[in-house]
Amino acid sequence: MPSHLLAIDQGTTSSRAIVFNDRLEIIASAQQEFSQYFPHSGWVEHDAEEIWDSTLATCRQALERSGLAAADIAAIGITNQRETVVVWDRQTGKAIHKAIVWQDRRTSGLCDELRAAGHDPMITAKTGLLLDSYFSATKIKWLLDQVPGAREEAAAGRLACGTVDSFLLWRLTAGKVHATDATNACRTMLYNIYENHWDEELLALLDIPAALLPEVKNSCDDFGSTEPALFGSSIAVGGIAGDQQAALIGQACFRPGMIKSTYGTGCFIVLNTGERPVVSTNRLLTTIGYRLDGRNTYALEGSIFVAGAAVQWMRDAMGIIESAADTGKLARQADINQDVYLVPAFTGLGAPYWDADARGAIFGITRATGPAELSKAALESVCFQTRDLLEAMRGDWPAMGDTVLRVDGGMVASNYTMQFLADILDAPVDRPAILETTALGAAYLAGLFKGLVPSPERFVDDWKRDKRFTPALDEEIRNRKYAGWQDAVRRTLTTS
Ligand SMILES: Nc1ncnc2c1ncn2[C@@H]1O[C@H](COP(=O)(O)OP(=O)(O)O)[C@@H](O)[C@H]1O
Ligand SMILES: O=P(O)(O)OC[C@H](O)CO
């Protein structure tokens, strides 16, 4: 009986494949970066062929490194960068244009027009999202409108469209399955998260034919099986989830009130709110955390565009540090009497401010300010932004109670940052034993499909912590520091 699981983690900058055993321990992995295309200011594209090639290559490498054959893999789970869209030809499987990436802002003018026409309350009421070019819908419209012949091809039923999971599934099954899961569908801004269907009014508003879109399934479901020639024999695909939702699953946040925060390039905080969706009054997103057996578990999400990217900026643009880990060492040496704040609004500010025009700023610099103080300010900015989101979540969902934040992503390697996070939140911060939580979530869904892993209720109890960071900052200092941050943000915003 095959008992291993293969997780595909198709991210914004790299594709990864990880083989897990049925105890959900990592056996082997492979990773490959691919090109980012920036054809114009604010535009971000990926080549769908590079996405596919890197995914296939890493799956094969991970299998080879594990010493296993395809026949030893019980099922594949796919997790992916969300919102990014591909439109492809059903006959050839080739994309008609490069994929438009979630970060791409080319349709912000169209979003402004939709807002001016008063459509945003309807969009939020159906999708739980805020009208923004971040989501897939306006990107699909752009592709249909701008690629020569696309509208005619679509009308003739010759095109298919989907988020990256759906494109990969199409390729893995050699065009036999056109499907996605609810966590990906709910990020398109075309999916009604309360009634669980592609929304006709939204499709009509954006002139997107329903026939283009994939079937929406559970996150753990029968997604078909891979073409035998790809890996030597066919493997079932049993799970799909967008990467932030997969991290929620991998962190075993299966109970209402449980919350995870992923610190990579950006930061995404997701709170499980249970079977009842919570409508945000604080500009957070209502989203589907996962769908199992036809039942949605909803979540509130806050997205911060710049987290580890602030550290990359210190290294690549400023040359203040040589490697990311230097920031922690420097921050510990900083003069504690200097209150320096960095507001990393490099591409505007995300939740809960949603100010696309704000730009980064540094406050409180003196002649004595140097790399140490800037490093400290960069790391702390991520923690202040997390507190902003948690305050918004508490406002939206008073039942949240005491928070324990489960963290993952590259930046959680920084003990300085994690301790300051606990201090400024005045809440414990838990770092898990397995840091590959996104892939773990995908593997878990695939394992659940095959009955190889514990039920969600039991998985919660199996979750293992590496380290807990406990708050240790005096209340008066905490309040003063946070007030300083709020003041810095106020001075950065372009909207009042
Ligand atoms: N020790 C560290 N201290 C601070 N930041 C770090 C550290 N290690 C990694 N990072 C940051 O974490 C990010 C990488 O995390 P990762 O989860 O791999 O991101 P992504 O999946 O978005 O590419 C980078 O932005 C990097 O600067
Ligand atoms: O690929 P990541 O890890 O940068 O995540 C991207 C998010 O899914 C975008 O919403």
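**View 1. Strands β16 and β17 form a hairpin.** Seven bridges join β16 to strand β17 (residues 295-304), the two running antiparallel, where strands (E, at least two residues) are DSSP runs numbered from the N terminus, as are helices (H or I, at least four residues), and where two strands pair if DSSP finds at least two bridges between them. This is a predicted model, in which local features need pLDDT of at least 70 and side-chain atom pairs count only at pLDDT 80 or more, while totals for chains, interfaces and linings use all residues. Residues are numbered from 1 along each chain as its sequence is written, and chains are lettered from A and ligands numbered from 1 in the order in which they are written. Arg291 stands opposite Asn296 in β17, and in the hairpin, with two residues between the strands, Asp293 takes a positive phi near 50 degrees.

**View 2. Strand β16 is largely enclosed by the rest of the structure.** This is so because seven of the eight residues of β16 (residues 285-292) are buried, that is, 20 or more other C-beta atoms, placed from the backbone, lie within 10 Å of their own.

View 3. Among the 17 residues around ligand 1 (C-beta atom, placed from the backbone, within 6 Å), Gly264, Thr265, Gly308, Gly410 and Ser414 come nearest. Helices α11 (308-316) and α12 (326-333) each supply at least two residues of this shell, and the largest share, four residues, comes from α11.

**View 4. The surroundings of ligand 2.** The residues around ligand 2 include Arg82, Glu83, Trp102, Asp243, Gly264 and Thr265.

Technical notes:
Buried ≥ 20, exposed ≤ 12 C-beta atoms within 10 Å, placed from the backbone.
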